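Work through the exercises below with the model open beside you. Try each task before you read its solution.

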Amino acid sequence: MTSHPAIKNQYLLTYALDQIVQKACGVTLTYAQDTSAQPKYPYISCSFITAEQETTVDWLGANRLIIISLQIDCHSDNALLASDTIRELREALMSPIYRDYLKKADIVPQTISKTQNRTILQDVNYDQCFGFDADFLVRAGVEHTEAELSLSDVEESDQAIESIVVPGTTEDGGETTNI
C-alpha cells in the first residue's frame, strides 16, 4: 500500500492538476519520471522544472508564497489527439471555473507558455507529444483535504452571454439596445 504525502506544496499542485485533467480532459495524469507501466493513450504527464522558488529573498516563514514550474505534456499514438487534448487542458487552466477551483487551493496560475510539439524522433518514436510549461504561485505549508479539493460538484458551462442591454437612445428612437 502506497502512502501519500500531506496535500500541500508540490503534492497539492499535482493533486489539483490531476483533478482538472480528469474532469476537463477525461484522461490520466502521471508523473513523467514514473517507472511503472505507461498509462493507456492518451495521457498527460507532468514534471517539475522548478520544484520550489521563493518569491522574495526575505524569509517569510510559514505559509509563504512559492513558484512551482511544471512541464505538462500529452502523449498519444495520434499527433492530432495529443495536440487537441493538451489544448483542452491549457484552456481549462485559463477558464474561470478551474481558476476558481485552484484559488480555493491557494494556487494561482502565473504563466502558461504556448503549446509546442515535443515529439522526439518522430519516425522511430510512436509517442506523439504536445505540451506547454506553466508557473503556479502556491501558498506553501497550507494543507488541504481531498473533500476540499473535490471537483465532483463543479459543472462546466459555456458561460455565453446571450445579450447585453445597453441604456441609451437607439436609431429607432427606443431607450435600450440589445447587443
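Predicted model: local features only at pLDDT ≥ 70, side-chain atom pairs only at ≥ 80, totals over all residues.

Residues are numbered from 1 along each chain as its sequence is written, and side-chain values use heavy atoms, with hydrogens and water left out.

**Exercise 1. Fold**

Solution. Start with the secondary structure: the protein chain has three helices and eight strands. Helices (H or I, at least four residues) and strands (E, at least two) are DSSP runs, numbered from the N terminus.

Next, take the contacts (heavy atoms within 4.5 Å). Of those between residues at least 6 apart in sequence, 62% join residues at least 24 apart.

Finish with the surface. Of the 179 residues, 39% count as buried. Buried means under 20% relative accessible area, exposed over 50%, and partly exposed in between, with a 1.4 Å probe and protein chains only. The protein chain exposes about 10900 Å², with carbon and sulfur atoms supplying 50% of that area. The areas come from the Shrake-Rupley method with a 1.4 Å probe; for residues, only the protein chains shown count as cover.

**Exercise 2. The largest pocket**

Task: Find which element gives the most to the lining of the largest pocket.

Solution. On a 1 Å grid over the protein atoms alone, a pocket is an open set of points where a 1.4 Å probe fits, with protein on both sides within 12 Å along at least five of seven lines; lining residues have an atom within 4 Å of a point.

The largest pocket has a volume of about 220 Å³. That volume is the space filled by probe spheres set on the points, which are joined across faces, edges and corners.

List the lining: Q10, Y11, T14, Y15, D18, Q22, T28, L29, T30, Y31, C46 and F48. Two or more of these residues come from each of α1 (9–25), β1 (28–31) and β2 (43–54). The top contributor is α1, with six residues.

Sort by class: six lining residues are nonpolar, five polar and one charged. Here Ala, Val, Leu, Ile, Met, Phe, Trp, Tyr, Cys and Pro count as nonpolar, Asp, Glu, Lys and Arg as charged, and the others, Gly among them, as polar.

**Exercise 3. Ring pairs**

Task: Describe the geometry of the aromatic pair Y11 and Y15, then that of Y31 and F48.

Solution. Rings of Phe, Tyr and Trp (its six-membered ring) pair if their centres lie within 6.5 Å; planes under 30 degrees apart count as stacked, over 60 as edge-to-face and the rest as tilted. The whole structure holds three such pairs.

Y11 and Y15 form a tilted pair, 6.2 Å centre to centre with 55 degrees between the planes. They are about one helical turn apart, because they lie four residues apart in helix α1. Y11 is partly exposed at 23% relative accessibility, whereas Y15 is buried at 14%.

Y31 and F48 have ring centres 6.1 Å apart and planes at 45 degrees, so this pair is tilted. It links distant parts of the chain: Y31 is in strand β1 and F48 in strand β2, 17 residues apart. Y31 is partly exposed at 39%, and F48 is partly exposed at 25%.

**Exercise 4. Backbone**

Task: Which peptide bond is cis, and where does P42 sit?

Solution. The bond from Y41 to P42 is cis, with omega near -20 degrees. P42 belongs to the loop between β1 and β2.

N9, in helix α1, has a positive phi near 55 degrees. D106 has a positive phi near 60 degrees and lies in the loop between α3 (96–104) and β4 (107–112).
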